[in-house]
Amino acid sequence: MVNNTYPRPRTQAERGLPASRRRFLAALGTATAGVPLLAACGTDAGGPAASDHRGSMGDALPRVRVSQEASPGHEVKRTSFPITAVGLTWTGSPRGVRLRLFDRSGKPGAWQNVTAGCPCGKDTETLRAKSTTPPNRALVPAHGSYGYQLDVDAGVKVIEAIAIDAGHLGRKRRTAPSGTPSKSAPATAPGASGSAVAFPPPGLVLRADWGADEAKRLTADGRESSPTRFTRVQAITVHHTATPVDDPDPAATVRAIYEQHAVSNDWGDIGYNFLIDRQGVIYEGRYSGTDGIPAHNADGEVVTGFHTFGFNPGNIGIALLGDLGKQKPSSRMRDSLVRLTASLAARHELDPLAGVTYLSPTSGKTTDGPALGGHRDWTSTECPGSAAYLDLPDVRERAAQLTR
Ligand SMILES: [Zn+2]
């Protein structure tokens with residue numbers, strides 16, 4: 001069914017954005033269809049919080065560049081920068097969009113079918129849309145292309161397309177110290193530092209170290225455009241990103257997802273609380289403050305993400321990078337998912353094998369679901385892909401063993 005009632009994304013000018021982004025958007029506003037829209041965002045501070053956050057890093061952020069088109073037509077869109085990924089938002093058939101890429105010389109590649117990915121989003125967006133379904137979204141890898149073209153079925157309306165150059169990290173990745181203590185996880189409890197279920201798990205990559213530009217979360221006056229809210233943990237939900245399984249630069253993909261979620265979708269941040277790549281590297285997702293404890297506040301409550309419509313508060317969203325419809329998670333990815341879910345289950349006294357009755361703090365509605373489940377356990381979606389979903393019983397069992 002075509003959904004034409006879904007709210008139009010706010011235009012750039014309608015968003016309250018930091019000075020750096022407003023300068024960037026001024027450049028966008030003067031561009032015309034088919035003309036490269038080129039600007040560097042993320043090279044200067046967007047407010048006090050951004051300055052504070054990056055002050056400890058002492059490193060330059062990756063240079064992220066974006067070309068954005070609202071309601072793009074069928075004409076070829078070219079960029080003057082190499083495209084990491086093309087982000088698309090559309091209504092109508094989830095399989096009604098095709099795309100082809102162009103190399104620097106203007107030579108087109110083959111048409112490819114675009115598959116809608118995880119339909120994650122903000123609960124407030126669901127409420128705004130009432131009974132309508134959320135739009136389809138996809139992030140198509142572009143492998144350094146310099147242009148793209150869309151072809152859509154009748155009844156499909158592409159709301160927005162963004163070409164993203166996610167840039168490169170010019171420094172070595174650092175990781176969070178494992179086993180950060182908190183009020184909710186005293187040193188003697190499961191999940192304490194040094195145990196098999198230490199939180200954060202060893203090797204977790206913090207936002208600053210995958211190159212998150214904190215200015216993208218802020219409004220013009222330096223406030224969070226989606227203020228953090230924290231609640232008691234009720235469930236853990238696994239997703240996939242429907243991006244390529246063979247990803248040469250997963251951190252760049254995380255930055256591209258951040259760009260699409262925070263800016264293009266106007267959610268103010270990346271929707272997932274954690275992401276895991278095929279090498280088993282775990283990335284911090286949604287911002288949760290400056291205390292160094294990923295996803296949590298000092299009282300052990302979890303920050304609300306934007307990953308499972310209607311069930312976001314108290315639900316920890318973990319995205320597996322890749323399209324896991326047919327291809328299973330790698331053993332390293334699976335091991336990291338087990339370690340992360342075990343550490344979260346121990347920290348929040350969740351039984352990975354149990355069911356829960358989820359209580360929505362916003363609507364007051366209760367819904368039965370798994371303590372550790374997949375996106376499709378909560379809503380009608382392919383996410384986290386059939387291959388990953390079939391893996392979940394084993395993940396639950398192994399996570400439960402670690403917490404015993
Ligand atoms: Zn999902």
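Along the chain, the donors of the zinc ion follow the spacing C-x120-H-x135-H-x7-C, where donors are N, O and S atoms within 2.8 Å of the metal (3.2 Å for Na, K and Ca), and sites may look incomplete since water is not among the atoms. This is a predicted model, in which local features need pLDDT of at least 70 and side-chain atom pairs count only at pLDDT 80 or more, while totals for chains, interfaces and linings use all residues. Residues are numbered from 1 along each chain as its sequence is written, and side-chain values use heavy atoms, leaving out hydrogens and water.

**Zinc site**
- The protein donors are Cys 118 (SG), His 239 (ND1), His 375 (ND1) and Cys 383 (SG), which lie 2.0 to 2.3 Å from the zinc ion.
- The four donor atoms subtend angles of 93 to 118 degrees, which makes the arrangement tetrahedral (four donors with all angles between 85 and 135 degrees).
- His 375 and Cys 383 are both buried, meaning under 20% relative accessible area, whereas exposed means over 50% and partly exposed lies in between (1.4 Å probe, protein chains only).

**Salt bridges**
- The whole structure holds 15 salt bridges, each a side-chain nitrogen of Lys or Arg within 4 Å of a carboxyl oxygen of Asp or Glu.
- Asp 335 forms a salt bridge with Arg 398, with the closest N and O atoms 2.7 Å apart.
- Because Asp 335 lies in helix α6 and Arg 398 in helix α7, this pair ties together parts that are 63 residues apart in sequence (helices are DSSP runs of H or I with at least four residues, and strands are runs of E with at least two, numbered from the N terminus).

Methods
Tetrahedral: all angles 85-135°; square planar, octahedral: opposite > 155°, others 65-115°.
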